[in-house]
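Subject: Structure for your review

Dear colleague,

Please find below the structure that I am handing over to you.

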Amino acid sequence: MSGSEDFAANLASRHARGDRWRLMFMLSTMLAIVFLGALILTIVDDAFGYVVMVDEVDQRSLVPDGQRLEGAGAETLRAIIDEGLSPRRYRALEREKPFDERSGADLYDIVLYEIVKPQVAETYTLFESLFERKRIVEETTRAHPDGELIFRSWASMRFLSTSLTARPLTTGVLTAVKGSLLTISITILFSFPIGIAAAIWLEEYASDSRLNRFIQVNIYNLAGVPSIIYGMLGLAIFVRGLEGFTSGSAFGASAAGEVANGRTVLSAGLTLALLILPVIIINAQEAIRAVSGSLRQSSLAVGATKWQTIWHHVLPASFDRILTGAVLAVSRAIGETAPLVVVGASTFLTQDPSGVFSKFTTLPIQIYQWTSRPQAEFRHVAAAAIIVLLALMLSLNAFAIITRNRLRKQKRFG
Amino acid sequence: MKPVQTAMYPEETRGVLSFGKRSRPHENIIQAVLVFCAAVSILTTLGIIVVLGTESSAFFREVSLREFLTGRSWQPSIGEFGILPLVNATLMTSLAAMLVALPLGLGVAVYLAEYASERVRETLKPILEVLSGVPTVVYGYFALTVVTPALRNLFGQDSIEVYNTLSAGLVMGVLILPLVSSMCEDALSAVPRSLREAAYAMGATKLETSVMIIVPAAFSGIAAAFILGLSRAVGETMIVALAAGAGPKLTLNPLKAAETMTGHIVRISGGDISYDSMDYRSLFAIALVLFVTTLALNMVSRSIVKKYREVYE
Amino acid sequence: MRLFQKNAAGSDRLDAVIGPGESEHALEAKDLSVFYGGFEAVKRVSIGFERKKVTALIGPSGCGKSTALRAFNRMNELISGVRTEGEVRFHGVNVYERDVDAVKVRRWIGMVFQKPNPFSKSIYENIAWGARINGYKGDFDELVENSLKQVALWDEVKDKLKESAYALSGGQQQRLCIARAVALKPEILLMDEPTSALDPLSTAKIESLLDDLKKRYTIIIVTHNMQQAGRVSDKTGFMLLGELVEYSDTKTLFFNPKDPRTENYISGRFG
């Protein structure tokens with residue numbers, strides 16, 4: 001019996017449809033990657049490019065004819081400063097560092113930013129600057145005949161090493177980088193030991209009782225709680241409830257005129273520690289679970305106690321994986337914004353955070369602040385800060401990978 | 001002459017081998033420390049519940065639950081605490097996100113699980129993971145500076161506001177995409193080989209096998225991915241805080257600005273807020289809704305995944 | 001030949017060529033070898049399967065009989081790292097020729113697996129699905145009923161066609177899988193230990209089906225159960241370590257084996 005006549009010959013169209021959909025599936029994958037590319041390109045695009053600078057005070061009016069401000073002698077600069085600076089500002093700067101002791105470059109900076117006050121009239125992105133130079137030059141000469149067109153790296157070493165200021169041209173991320181590093185140190189200090197200890201207990205000691213199952217389920221659920229809720233928790237517990245402790249007043253620390261009232265690096269770090277604790281525990285549990293049972297048995301068989309077995313055999317054998325998991329969690333914490341806003345990150349800091357009881361800001365907080373400003377210059381500043389943030393996260397991950405590989409090598413030969 | 005005996009082990013000093021339990025105080029201390037560390041997670045949960053509970057109950061002493069849940073306006077300055085506008089905006093951004101994340105995520109998952117070679121898979125998956133590792137504030141920056149202007153160029157400057165839920169939702173979809181795709185891929189890979197073979201043996205093409213047999217068989221896992229993605233979207237904050245708009249508004253138009261629950265919490269708590277005010281307490285009431293919603297979604301998703309793992313194992 | 005060619009013209013022509021009695025063998029393997037990486041699981045097997053007969057492939061586990069069976073409808077290529085050499089001729093065409101479409105091959109050479117593997121669909125859809133994707137032009141209700149009747153399942157399930165196939169017992173599921181295969185009106189049915197996961201009663205039912213099914217289809221069955229081979233097959237091949245040791249009428253192979261290795265196996269001295 002043959003059934004062929006009952007079936008339509010449809011194979012060609014089926015294969016064609018298969019090819020079409022295969023393309024669709026591939027495209028959705030590509031789309032995700034294209035998005036990532038676009039994200040990175042946008043950031044780079046915004047972090048460099050032409051700016052049109054217009055001085056509030058014409059530089060030529062300050063110096064004798066035929067001279068330029070740049071390259072002017074210290075005495076000329078001093079004269080300009082004496083004349084142009086308001087007495088209050090003059091005293092403030094004098095107090096900071098006497099003018100007589102300042103270098104020429106320093107004086108030039110003061111003249112530039114305090115008297116000349118260059119303003120950004122227009123900004124362009126990197127791609128505009130590269131491919132539409134002609135249009136930019138034309139526009140500039142038409143709209144800002146006094147303006148100067150210069151290529152600016154918003155992300156620069158100066159940006160990295162300067163503290164926060166209110167102006168987009170002079171501001172830097174040093175304050176935020178310090179804040180991020182201090183905060184994350186607190187986070188690591190608390191979350192690593194507690195997380196790893198909890199994982200050890202759950203994997204090595206805990207019996208399969210109802211309580212332990214509850215703890216386990218609870219950890220999974222905590223891992224899914226939105227980060228902003230942790231912010232609320234931190235606000236209520238660390239900032240308000242433990243204010244005496246987190247503000248440092250219990251230790252007599254907040255003397256330097258800083259009223260941080262609990263909204264400190266310490267509160268921020270502890271909040272982030274709670275946030276990443278479940279992730280660290282889950283990752284560490286997986287790492288410990290991967291250690292073979294025979295290793296444990298052989299240790300117990302030579303008369304080691306349970307803790308000796310864990311300390312001398314299980315932990316060394318799983319430490320590389322524990323570390324990798326923990327670092328992943330930490331790099332998530334570095335990028336967290338919402339909980340820290342809630343905990344009370346400062347919108348503007350005049351002083352770099354110097355310790356755990358300082359007021360804080362962090363890189364993502366600054367990115368948030370700058371992005372939400374309407375002026376275009378701040379968009380470029382935000383892009384530059386994003387580059388710093390991503391670089392920080394990348395170097396952290398690189399550090400973890402290198403350490404892990406080194407530990408693996410030791411494990412093999414040690 | 002007596003041989004000199006040196007006792008090398010504690011048991012030997014007693015002259016006989018003892019199998020009795022030696023008390024080891026430091027092992028007990030260690031164990032107590034470990035238990036405490038494990039209990040920190042319980043304390044955290046307890047802390048969340050107590051904090052949200054006490055502040056919200058202070059809030060609900062002044063605002064009735066009915067008013068809170070059904071009121072159509074959220075304006076603390078005139079004492080209106082209806083959460084609907086916030087919930088509505090959250091749903092709009094989350095649904096927009098899922099409209100991006102689910103089809104794309106499923107497409108990625110089918111491609112990775114059914115089509116891609118081992119090598120391609122090993123290359124693509126880390127790239128997708130990078131996508132989920134980018135801080136959300138960066139996504140917010142992208143939504144505001146790239147996606148919104150692009151949408152406005154596409155649909156006209158006048159029809160789309162500078163802050164809108166559509167742009168925030170779309171970008172959030174990309175953020176959630178890696179989560180959805182990896183969970184879908186797990187679900188697809190959990191479908192037994194035998195089903196694939198059965199389909200191929202009947203002269204099915206790869207597409208027919210994947211889409212008509214494997215995807216339906218993995219339905220529960222895909223549903224779990226959707227639910228978890230939704231939960232992530234509901235709790236996501238920075239993208240909506242930057243791109244969706246400030247100020248609660250009850251609108252179904254995704255081209256208009258509207259503030260989500262998370263966006264509102266961040267905006268208000270980021271400003272100068274005095275403790276023990278209604279503004280302050282209302283944030284905890286919103287957070288409570290957020291917490292209960294996401295917790296419920298997470299638990300449903302987890303139980304679905306657990307169930308399908310049991311079916312196939 | 002153009003029987004299975006991927007282009008539309010080629011696959012159209014298949015209908016004209018398929019017909020009874022054109023060659024002595026429904027399916028023929030020539031020097032068929034299958035490699036898993038470097039391991040040769042099937043070693044240069046040559047065998048011809050007669051039309052409308054049941055042929056059993058027996059041998060100890062790991063002898064390559066299942067691998068050989070899966071080579072006949074190109075199922076092995078779904079596993080990465082498997083390489084096939086030699087020929088499998090179906091209507092005079094080597095199905096491994098480059099322009100032959102595996103989808104088409106599998107559509108004409110059906111397969112039933114070790115464990116029942118119904119789709120997570122209704123009973124009805126389990127049968128109708130394959131026919132639908134393959135462009136069946138006839139009446140689907142009729143097809144479903146006919147197919148279920150061929151496997152003696154119709155009376156048991158006719159009132160619950162819309163229910164999930166997973167609601168059926170293991171034996172019923174396996175018969176459903178056979179029905180699913182015959183709904184495509186294939187020429188050849190490959191059965192890979194179809195009863196190994198079933199209880200004796202279900203096994204007996206399926207064995208008795210084979211007698212009916214062979215009136216319409218050429219059946220090749222792999223079994224580790226010698227008694228089963230003896231009961232259901234007309235011809236039997238004995239495989240050992242990837243080689244086809246002996247192939248003849250079932251009676252001859254069981255009662256008058258030529259190769260001492262076959263004799264050892266039959267008499268239960270190993271395997």
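Predicted model: local features only at pLDDT ≥ 70, side-chain atom pairs only at ≥ 80, totals over all residues.

Residues are numbered from 1 along each chain as its sequence is written, while chains are lettered from A and ligands numbered from 1 in the order in which they are written.

Chain A

The mean pLDDT of chain A is 87, and 96% of its residues reach 70 or more; pLDDT is the predictor's confidence in each residue, on a scale from 0 to 100. Helices here are DSSP runs of H or I with at least four residues, strands are runs of E with at least two, and both are numbered from the N terminus.

Chain A is assigned domain 1 (1-56 + 117-153), domain 2 (61-115) and domain 3 (174-413). Such bounds come from an automatic or database domain assignment. Between the C-alpha centres of domain 2 and domain 3 of chain A there are 46 Å.

Contact between chains A and B

In the interface, 63 residues of chain A are in contact with 67 residues of chain B, where contact requires that the C-beta atoms of two residues, placed from the backbone, lie within 7 Å. On the chain A side, helix α1 (residues 11-47) of chain A supplies the largest share, 18 residues. That side of chain A consists of 44 nonpolar, 14 polar and five charged residues. In this classification Ala, Val, Leu, Ile, Met, Phe, Trp, Tyr, Cys and Pro are nonpolar, Asp, Glu, Lys and Arg are charged, and the others, Gly among them, are polar.

Chain B

Chain B contains twelve helices and two strands, in the order α-α-β-β-α-α-α-α-α-α-α-α-α-α along the sequence. Its radius of gyration is 27 Å, well over the 20 Å that the globule rule gives for 313 residues, so chain B is more spread out than a compact globule. The radius is taken over C-alpha atoms, and the rule is 2.2 Å times the number of residues to the power 0.38. The C-alpha trace of chain B spans about 110 × 70 × 35 Å along its principal axes.

Of the 313 residues of chain B, 52% are buried. A residue is buried if 20 or more other C-beta atoms lie within 10 Å of its own, exposed if 12 or fewer do, and partly exposed in between, with C-beta atoms placed from the backbone. Of the contacts in chain B between residues at least 6 apart in sequence, 75% join residues at least 24 apart.

Helix α7 (residues 193-201) of chain B has B:R196, B:E197, B:A198, B:A199, B:Y200 and B:A201 buried. Their cover includes α8 (206-217) of chain B, as well as α3 (102-108) and β6 (109-112) of chain C. Just after α7 of chain B, B:G203 adopts a positive phi of about 80°.

Chain C

Chain C has eleven helices and ten strands. For its 271 residues a compact globule would have a radius of gyration near 18 Å, and the value for chain C, 18 Å, agrees. Its C-alpha trace spans about 55 × 45 × 35 Å along the principal axes, and 50% of its residues are buried.

Strand β9 (residues 235-240) of chain C has six of its six residues buried, so it is largely enclosed by the rest of the structure. C:K235, C:G237 and C:M239 lie on one side of β9, and C:T236, C:F238 and C:L240 on the other. Strands are said to pair if DSSP finds at least two bridges between them. Strand β3 (residues 54-58) of chain C pairs with β9 in the parallel sense over four bridges, with C:T55 opposite C:K235. Strand β10 (residues 243-249) of chain C runs antiparallel to β9 and is joined to it by six bridges; C:T236 has C:S248 as its bridge partner. β9 and β10 of chain C form a hairpin with two residues between them, and C:L241 in the turn has a positive phi of about 50°.

Elsewhere in chain C, strands β1 (residues 25-36) and β4 (residues 82-90) run antiparallel and share seven bridges, with C:V34 partnered by C:T84.

With kind regards
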